[in-house]
Amino acid sequence: MSELNVDSTVVIVGAGQAGGEAAAELRRQGFAGRVIMLGEETQPPYKRPPLSKAYLSGAATQESLYVMQPAQLDKVKIEFRGNTKVVRIDRKDKLLELADGSTQKYDKLVIATGGRARPLPLPGADASNVFVLRTIEDVQKIKALCEPGKRVTIIGGGFIGLEGAAVLVKMGLKVTLLEGLPRVLARVTVPEVSAFFERVHREAGVDLRTGAQLAGFEGTPVNAVTLADGTRIETDFVVVGIGLIPNTELADAAGLKIDNGIVVDQYARTGDPDIYAAGDCTNHPSTFLGRNVRLESVQNAMEQGRAVARNILGKNEPYQTVPWFWSDQYDLKLQTVGISGAHDQIVLRGDPATARNFAVFYLKGGKLIAADTVSRPQEFMFAKKLVAEGAVIDPAKLADESVPMKSLATPAA
Amino acid sequence: MPKINFVLPDGSQQTIDAAVGQSIMEAATANLVKGIVADCGGGCSCATCHVYVDPEWVAKLTPADDVEQSMLEGAIDPNERSRLSCQLRMSDALDGIVVHVPAAQF
Ligand SMILES: Cc1cc2nc3c(=O)[nH]c(=O)nc-3n(C[C@H](O)[C@H](O)[C@H](O)COP(=O)(O)OP(=O)(O)OC[C@H]3O[C@@H](n4cnc5c(N)ncnc54)[C@H](O)[C@@H]3O)c2cc1C
Ligand code: FES
């Protein structure tokens, strides 16, 4: 493994938030060599969360999504090249082959290739009015069709589908949301929270249908979606939000280990000592969860991006974190910490069946392991601390609104 | 261009130019100010953009709303001068504002 100096070059493949944060942290840590960031998209690293929120609604401009403006990247000597796809990694010569046939040498390589939206495996899904929602271009195409009264069918009741539904119904579109499973957010939360989001979307006017089995599309461009039970839903366009496929092909072809993502160790290193990886494309060992995990969150992209930069510079700092996530829908702020699923008890604070704010705490053997909070930022912040500490908390106190969260966070309270 | 003076935990100062309308957090991250982590990118969802506003500037700012206030209470070592810098928009009236970066973000 070579030591880095001012003549060294760190190349980052993928200019998303993980790649962008790795580049920024290299500079914050005083790295004086070259930092080159190669991205397939045309834009410099940008924040994706607003794509299904303020950018879709028109409240945020494209430039406000950029993590750093191009002039600022130049100023700190982060060489960003957009429209540049890396097609092969030559590990022996430490060389990248680019789509235009040129090559780029590296001393250390960071793979931050993220993921792409999972396409719907159905004939007609490639029609000109069926969209996914992952990039600025995707949203620009959707926005061009957003007029009050237009009918949109959203396929998938995950975070992106639900956020999109909230924005589009507010814009005056007629929104139908189809979820194949019996409830929305089924993979990430408990029935109480799913039922809450189903209720608020229906109250806002979304025609939300769970257990909806897609049969096919009619027309080119698509003018109707058909379901297995014979239902026909007329529509002007379709938005598909059914998950992500990690971009692992480049790493795979280079012989790096892949298992639901590029496998990295706790220092965000691949099996090649000169190649690191960060963000949605990685599968890392989580001390907190006691297993390997691939996360799709900004927090993970940012923290692992920083970890990569610091470890490239020899800091040897393990990437250990408690996952957290947020989602904004209507006036509601969902914030989650930890990962539910392994819990043996849930405790409600507030009533998701009637109110617009509440918290769900997940306990395992009395220990707080996760929480979902809706418009309860204080509960979220203290839960974040308590989950990190693995605190054992009296469920009765957690459920009791008259006991301030703050008092539960004080040791030995 | 209004200026922002960041006082870092080691006592050193970093002065940067901000654009009117830009948040203090955005100006900080664009200029690689250490200690302004800002993981959620201004969504008022993470509190890793926490700063202490210098006493003489506190009253010149729009007060924190409920969400910001609640997030701050759970930040590391909050006090009455604590703000989330993503919620503070720069204007000419704030030219020269002094903010202190905490030793740690959560
Ligand atoms: C609509 C939407 C809303 C979201 N909302 C939230 C939210 O509220 N909260 C939250 O925590 N997370 C949210 N997320 C998830 C979050 O945005 C992602 O987890 C995060 O952006 C991942 O960053 P990344 O850098 O790992 O990957 P990406 O953002 O996917 O970036 C990877 C980049 O690499 C490029 N690339 C890939 N292969 C190559 C190659 N061979 N050569 C060159 N470049 C390449 C890609 O084009 C892409 O630009 C949201 C995501 C979306 C799409
Ligand atoms: S940047 Fe996340 S709360 Fe300010």
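In the predicted model, the UniProt annotation "domain: Reductase C-terminal", from an unreviewed entry, covers residues 324-409 of chain A. This span is 27% helix and 38% strand. Its end C-alpha atoms lie 18 Å apart. A further UniProt feature, "domain: FAD/NAD(P)-binding", also from an unreviewed entry, is placed at residues 9-305 of chain A. Over residues 9-305, chain A is 25% helix and 27% strand. The end C-alpha atoms of that stretch are 17 Å apart.

Ser327(A) belongs to strand 22 of chain A, which runs over residues 324-329. The relative accessible area of Ser327(A) is 1%. Ser327(A) therefore counts as buried, the cut-off being under 20%. The side chain of Ser327(A) is in polar contact with the side chain of Glu163(A), at 2.7 Å. Neighbours within four places in sequence set aside, Ser327(A) is in contact with Lys53(A), Phe159(A), Glu163(A), Leu332(A), Lys333(A) and Leu334(A).

Val200(A) sits in helix 7 of chain A, residues 191-203. Its relative accessibility is 2%, so Val200(A) is classed as buried. Residues up to four places away in sequence are again left out of the contact list. On that basis, Val200(A) touches Tyr330(A), Leu332(A) and Arg356(A). Val200(A) and Ala359(A) are 159 residues apart along the chain. Their C-alpha atoms are separated by 16 Å.

The largest nonpolar core holds 58 residues. Residues of both chains are listed among those with the most contacts inside this core. From chain A these are Phe361(A) and Leu398(A). From chain B they are Ile4(B), Phe6(B), Ile36(B) and Ile97(B). Helix 10 of chain A, residues 377-389, gives the most to this core, with 6 residues. A second, separate core has 42 residues. Among them are Leu133(A), Cys146(A), Phe196(A) and Val360(A).

Beyond its neighbours within four places in sequence, Ile97(B) is in contact with Lys3(B), Ile4(B), Asn5(B), Ile24(B), Trp57(B), Leu61(B) and Met90(B).

The interface between the chains was examined next. The size of an interface is often given as the accessible area lost when the parts come together. Between chain B and chain A, the buried area is about 2200 Å². Carbon and sulfur atoms give 58% of this area. In chain B, Leu32(B), Asp39(B) and Phe106(B) lose the most area to chain A. Together they account for 31% of what the chain B side buries. The contact takes 24 residues from chain B and 24 residues from chain A.

Polar pairing across the interface was also counted. There are 11 residue pairs in polar contact between chain B and chain A, both residues at pLDDT 80 or more. The salt bridge count between the two chains is 1. The side chains of Asp39(B) and Arg306(A) meet in a salt bridge, at 3.1 Å from N to O. Asp39(B) is also one of the residues of chain B that lose the most area to chain A. On the side of chain B that touches chain A, the elements giving two or more residues are helix 1 (24-30) and helix 3 (66-73) of chain B. Helix 3 of chain B gives the most to that side, with 4 residues.

Technical notes:
Residues are numbered from 1 along each chain as its sequence is written. Chains are lettered from A and ligands numbered from 1 in the order in which they are written. This is a predicted model: local features need pLDDT of at least 70, side-chain atom pairs count only at pLDDT 80 or more; totals for chains, interfaces and linings use all residues. Side-chain values use heavy atoms; hydrogens and water are left out. A nonpolar core is a set of buried Ala, Val, Leu, Ile, Met, Phe, Trp, Tyr and Cys residues joined through side-chain atoms within 4.5 Å. Buried means under 20% relative accessible area, exposed over 50%, partly exposed in between (1.4 Å probe, protein chains only). Contact means heavy atoms within 4.5 Å. A polar contact is a pair of N or O atoms within 3.5 Å; within protein, one must be able to donate a hydrogen and the other to accept it, and residues adjacent in sequence count only if both atoms are side-chain atoms. UniProt positions are given in the numbering used here, feature names are shortened, and annotations may be inferred rather than shown by experiment. Buried area is the accessible area (1.4 Å probe) that two parts lose on being put together, summed over both. A salt bridge is a side-chain nitrogen of Lys or Arg within 4 Å of a carboxyl oxygen of Asp or Glu.
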